[in-house]
Each structure stands twice: as structure tokens, then as C-alpha cells.
Amino acid sequence: MTEAVGLLSNLFAVAFWAAAVRFAVPLIFAAVGEVFSERTGILNIGLEGMMLSGAFGGVLGAYLFGNAWLGLLVAMVCGGLVALVHAFVAVTVRGDQVVSGAAINIAVAGLTTFLSRSFFELGQRVTVESFEVWEVPYLSSIPVVGEIFFQHVPLVYVAYVLVPVSAFILYKTTWGLKIRAVGEQPLAADTVGVNVAFWRYAFTILCGALAAAGGAFLSLGQSNMFLEGMSAGRGFIALAAVIFGRWDPWRVALACAFFGAADASTLRLQALDVQIPYELVLMIPYLLTFLTFVGLTGRTRPPAALGFPYNKGKR
């Protein structure tokens, strides 16, 4: 019993909670972007590819310009361009959104591998200028709370702010009303003069840019290099968080925090040398994602027009 209590106290130490906050950040960026995309009726399962494009674009930008913030900008442009392809297929061509997203994931995984080996020597891990930890004055010195929440790189604080701003836009502005109308009743929205195609394009591209910012956090916030496949399924976990959070930014952020804690627990268990095969430990976040999908099947109601193309000429 004493050993179990000691293990739990070490597992859930302050360092664990600080890591959980960090690991939730890329999920928050991608999931909030997905909330906007799905609220307009576009299902974007290409989050994984967009995060990976952001991870590579961030390193490439920082490598070329010697600045992490410019790297972030390049990352978001890359993610936006990838999302533009998805928007073209989903909105203009009115193709299958699931197939388009899956194709993007596969294509970007191969493209980033090819480009990383082209720009950088094969097998060489090029390090670049990354984001440095910024301790918030006064707040970072608060015992426990300061270490958990206020001793991180700036992108963590941007993610904090992104959630309330997104909720405000979605529920308290005219933009938010149009976003929700396009995702629920595109015909009715079109009838009153809302350009359905414009709003779907705009927020699909925004989704790609935010997902890429999450990918850039992986390469410029948690490390200072690009590794092939470094998004490691986080795009799919973000999709699960959107469903778990019922398309609400606040609930989605809490779901991301939950998955971030699960991710942090894998590293913590390995660091504590718990006698569990590491393959099983690494499965924890993905197993929780699977259980979330199974548990919520049939219990959530997505936007009514989600995944359905809108043909303005057919009413």
C-alpha cells in the first residue's frame, strides 16, 4: 500500500501537471480549428496532415529566417494551403470529405518526409531557433500554480487565450451566428444572403492554420527540430476531443486537457520505471481516444449539415 501511494504521489507531481498543460496545447490549436470547420459543415479529418505540415513548415521557416515567430507564420501558411486543397474538394468539387481528409494525411506524410530529406541532409537532424520559456511576471512565482500554468513558451498562453476568444466569436457575434447557420441550415443561410461557400472556405483554411500552429508547437515549442511523423496521431486525438466536447470550445479545451494528461502520464510512467511494457504505456492516449469514440457513439448531435456538400443550384 505504501509503495502504491508513493508511486501515485510521484506520478501526479507538479511536473506531471505542467507537462499535461504543455501536451494539451497542440490538441487545443487543432481541435478549436476543427470546431470552426465542423460548425460550418466541413468535416476535416486531415488534421493530422495539417499538423505535420505545420511542424515541418515551422522548422523550415525558423531555419531560413532564424526566428521562431517567422517559423510559426510559415507553418500557418503551410497549413492554410493544405486546408485550401481540402476546401476546394469539399466545397467547390463537392467531393467526399472523408476521402479528401484521408488523402491529405497520406500525401502530407510522404511530402514532408521527401522535403525534409531534400532541404536537410539525409539522416541529419537540423536544430533551429525555437521558442524560449517565458515566465509570466508575478504569476510564475506562485507556489505550484505558477510552475504548472505560468512557466511555458508563449504558444501555451496563446492557446489559453484562443479558447475564450473562440467561444466569444461563436456565441456572441454575428460571425458566430453565420458560422452556426451555415453548418446547421445552409439553405436557410443562403436564402438570407449568407455566402455559404465563402464561410466554409474561410473557416476550413483557418482550421488548417490553427492545426499547423499546433504542429509548430511540437517542432518549435517542445523541441527545435523536425522529425518524420512527429504529429504521432494527435490530429485524430483532436478529432476525438471535438466530439467529446460536443463542438463547444470550452468543453473541447477540457477534453484536450484530459488527453494531454493521458499523454503526459506515458512519459511519467516511463520516467518512474514502472514495471509495465513501454508499448502498453504508449498506448494510453490512443486507447482513451478509441474508448471516447465508442462511448459517445449515438450520444452526440453534430451540426446537421456536417459532411454534406451544399449545391446552391439545387434547393
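**Pocket, loops and aromatic residues**

Four helices, α2 (14-39), α6 (145-149), α7 (154-172) and α12 (249-271), each contribute at least two residues to the lining of the largest pocket. The model is predicted.

**Largest pocket**

- The volume of the largest pocket is about 320 Å³. Its lining comprises 16 residues, of which I28, F149, Y160, A253 and A257 are the closest to the centre.
- Helix α2 provides the largest share of this lining, with six residues.
- In terms of residue class, the lining of the largest pocket consists of 16 nonpolar residues, with no polar and no charged residues.

- N195 lies in the loop between α9 (186-191) and α10 (196-221).
- With a relative accessible area of 46%, N195 is partly exposed, because this value falls between the 20% limit for buried and the 50% limit for exposed.
- Which backbone atoms does the side chain of N195 reach? One is the backbone nitrogen of A197, at 3.3 Å, and another is the backbone nitrogen of F198, at 3.0 Å.
- K178 is 17 residues from N195 in sequence, and the C-alpha atoms of the two residues are 9.3 Å apart in space.

**Aromatic residues**

- The structure contains 14 aromatic pairs.
- One aromatic cluster is formed by F36, W175, F198, W199 and F203. F198 is also the residue whose backbone nitrogen is reached by the side chain of N195.

**Positive phi at non-glycine residues**

- R94, although not a glycine, has a positive phi of about 55°. This residue is found in the loop between α4 (68-92) and α5 (97-119), and R94 counts as partly exposed at 38% relative accessibility.
- Y138, likewise not a glycine, has a positive phi of about 70°. Y138 is located in the loop between β1 (134-135) and α6.
- Is Y138 buried or exposed? Y138 counts as exposed because its relative accessibility is 72%, and exposed residues are those over 50%.

**Cysteines**

- Zero disulfides are found in a search of the whole structure.
- C207 has a relative accessible area of 0% and is therefore buried, whereas C78 counts as partly exposed at 25% relative accessibility.

Key: Residues numbered from 1 in each chain as written. Predicted model: local features only at pLDDT ≥ 70, side-chain atom pairs only at ≥ 80, totals over all residues. Heavy atoms only, no water. Disulfide = S-S within 2.5 Å. Buried < 20%, exposed > 50% of the residue type's maximum accessible area, 1.4 Å probe, protein only. 1 Å grid on protein atoms, 1.4 Å probe; cavity = no way out; pocket = protein on both sides within 12 Å on 5 of 7 lines; lining within 4 Å. Points joined across faces, edges and corners; volume = space filled by probe spheres on them. Nonpolar A, V, L, I, M, F, W, Y, C, P; charged D, E, K, R; others polar. Polar contact = N/O pair within 3.5 Å; in protein donor to acceptor, adjacent residues only side chain to side chain. Phe/Tyr/Trp six-rings, centres within 6.5 Å; stacked < 30°, edge-to-face > 60°.
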